Amino acid sequence: MSKIHSEHVFTSESVSEGHPDKVCDQISDAILDACLNGDSESRVACETLVTTDLIVVSGEITTRTKVNWEEVARGVVDKIGYNDRTIGFSARDCKVMICVHGQSEHISQGVTAGAGLHKEQGAGDQGMMFGFATNETKELMPAPVIWAHKIVQELARLRKAFPNKYAYLRPDSKSQVSVRYKAGKPVKVETVVVSHQHGPAMKIAELKKLVKSVSEKIIPAQFMRGRVTYHVNPTGAFEIGGPHGDTGLTGRKIIVDTYGGVGSHGGGAFSGKDPSKVDRSAAYMCRYIAKNIVAAKLADKCEVQVAYAIGVAEPLSVNVDTYGTGIIPDDAKLEGIIRRVFDLRPSGIIRTLKLKHPKKNGWSYQATAAYGHFGRKQFPWEKTDKIEHLRKAAAKIIKKKR
């Protein structure tokens with residue numbers, strides 16, 4: 001969002017855990033969790049497809065633990081709430097196809113310490129990854145996307161917590177929030193859009209009332225003053241949804257997963273990938289770095305980019321952009337600080353964020369796979385434990401300039 005001094009409206013969307021693409025992300029990540037819980041050295045690249053009465057799990061998985069792939073997949077679908085055969089997709093009745101084989105030896109030797117051309121563990125692929133943070137919300141996330149996530153997350157919570165009261169709600173839903181900005185800061189919500197799958201007994205007036213109530217609960221009152229436009233199920237009906245309404249695939253919601261279109265994206269998806277894949281782990285590290293920079297008040301907003309070559313440990317480049325909001329005028333100086341404070345080698349990222357042992361540390365990859373990978377404090381890359389390190393390093397640079 002480069003329009004720091006202009007007035008403009010920015011929109012971001014989210015999708016619920018019942019969206020077909022998110023069903024796939026959650027199955028892929030549940031399989032990753034099962035592998036890592038039994039063998040922390042598992043190598044996983046798991047892709048899932050869902051459609052009417054069918055789940056297909058495929059990919060490259062090398063692990064020393066035994067995982068019942070079908071059982072894991074059905075368990076995810078059941079927890080989401082697809083357990084009624086009459087709506088075209090049911091955990092108990094759908095077919096499950098498993099097409100899994102081991103990781104390529106040529107990839108493996110590049111990411112196993114001492115096995116390839118380099119002694120250290122290298123990156124699992126080439127590419128660039130980004131992380132972003134802004135002080136416009138308490139989560140240090142862009143307002144449109146964090147509010148969009150929370151709306152569909154709360155609707156899902158209500159659907160599960162009060163199944164009789166909200167019996168008309170089904171798992172698939174989407175949200176969208178449009179926010180007016182002035183001088184780079186959010187000032188007002190202009191529009192809220194929610195499309196929610198429902199049963200035949202749903203009354204549109206009841207759903208509109210619910211969406212308005214949830215939105216007003218989620219979004220701070222100062223942003224809801226004046227007229228807010230609501231579009232609730234604007235097509236008129238949304239009974240056919242989930243995998244019966246649309247085929248789902250792992251990795252198709254990369255903007256929903258990150259910052260809602262704010263900042264940049266390297267193009268790599270996250271779900272189903274073990275942490276040797278820098279598409280995932282380095283993107284988490286970039287968020288960790290950017291969030292700590294903003295939390296340390298070194299900038300109002302910050303984007304961090306890293307780039308890797310497959311099999312090589314050290315990043316090829318580190319780039320920082322504070323959009324002119326940094327207390328150090330030259331953003332290039334922050335690159336040196338980042339390299340001193342943070343270990344950007346794949347092994348260092350994995351160790352710092354404890355990415356091989358999620359269960360032991362009280363989180364799961366499956367939990368990341370709906371409602372955004374960023375902005376929720378249970379994940380280790382959301383910690384702000386490097387504030388003092390960054391402040392001290394920045395103080396030395398500022399002192400020298402004086």
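## Cavities

Helices and strands here are DSSP runs, numbered from the N terminus. In this predicted model, strand E7 gives the most to the lining of the largest cavity, with three residues. The count of cavities of 30 Å³ or more comes to two.

The largest cavity holds about 90 Å³ of space. It is lined by 13 residues. Closest to the centre are Phe 130, His 265, Gly 266, Phe 270 and Ala 283. Two elements give two or more residues to this lining: strand E7, residues 127-134, and helix H8, residues 278-295. By class, the lining of the largest cavity has six nonpolar residues, six polar and one charged.

The second largest cavity has a volume of about 70 Å³. Its lining counts 11 residues. Nearest the centre lie Glu 41, Arg 43, Asp 274, Ser 276 and Lys 356. The lining of the second largest cavity divides into three nonpolar, four polar and four charged residues.

## Salt bridges across the chain

Side chains of opposite charge can pair when their charged atoms come close. The model has 27 salt bridges. One of them joins the side chains of Glu 7 and Arg 180, with an N to O distance of 3.1 Å. Glu 7 sits in strand E1 (residues 7-15) and Arg 180 in strand E8 (residues 169-182), so this pair ties together parts 173 residues apart in sequence.

How accessible are the two partners? Glu 7 has a relative accessible area of 47%, which makes it partly exposed. Arg 180 is also partly exposed, at 24% relative accessibility. The pair belongs to a network of salt bridges that links Glu 7, Arg 180 and Glu 190.

A second bridge joins Lys 160 and Glu 17. Their closest N and O atoms are 2.4 Å apart. This pair also links distant parts of the chain. Lys 160 belongs to helix H4, while Glu 17 is in the loop between E1 and helix H1 (20-38). The two residues are 143 apart.

Glu 17 has a relative accessible area of 8%, so it counts as buried.

Glu 70 is partly exposed, with 34% relative accessible area.

## Helix H4

Helix H4 covers residues 143-161 and contains Lys 160. How far apart are the end C-alpha atoms of H4? They are 26 Å apart. At 1.5 Å a residue, the 19 residues should span 27 Å, so the two values agree.

Of the 19 residues of H4, 14 are buried. The helix is therefore largely enclosed by the rest of the structure. The cut-off behind this count is a relative accessible area under 20%.

Notes. Residues numbered from 1 in each chain as written. Predicted model: local features only at pLDDT ≥ 70, side-chain atom pairs only at ≥ 80, totals over all residues. Heavy atoms only, no water. Salt bridge = Lys/Arg side-chain N within 4 Å of Asp/Glu carboxyl O. Helix = DSSP H or I, 4+ residues; strand = E, 2+ residues; numbered from the N terminus. Buried < 20%, exposed > 50% of the residue type's maximum accessible area, 1.4 Å probe, protein only. 1 Å grid on protein atoms, 1.4 Å probe; cavity = no way out; pocket = protein on both sides within 12 Å on 5 of 7 lines; lining within 4 Å. Points joined across faces, edges and corners; volume = space filled by probe spheres on them. Nonpolar A, V, L, I, M, F, W, Y, C, P; charged D, E, K, R; others polar. Expected span 1.5 Å × (residues − 1).
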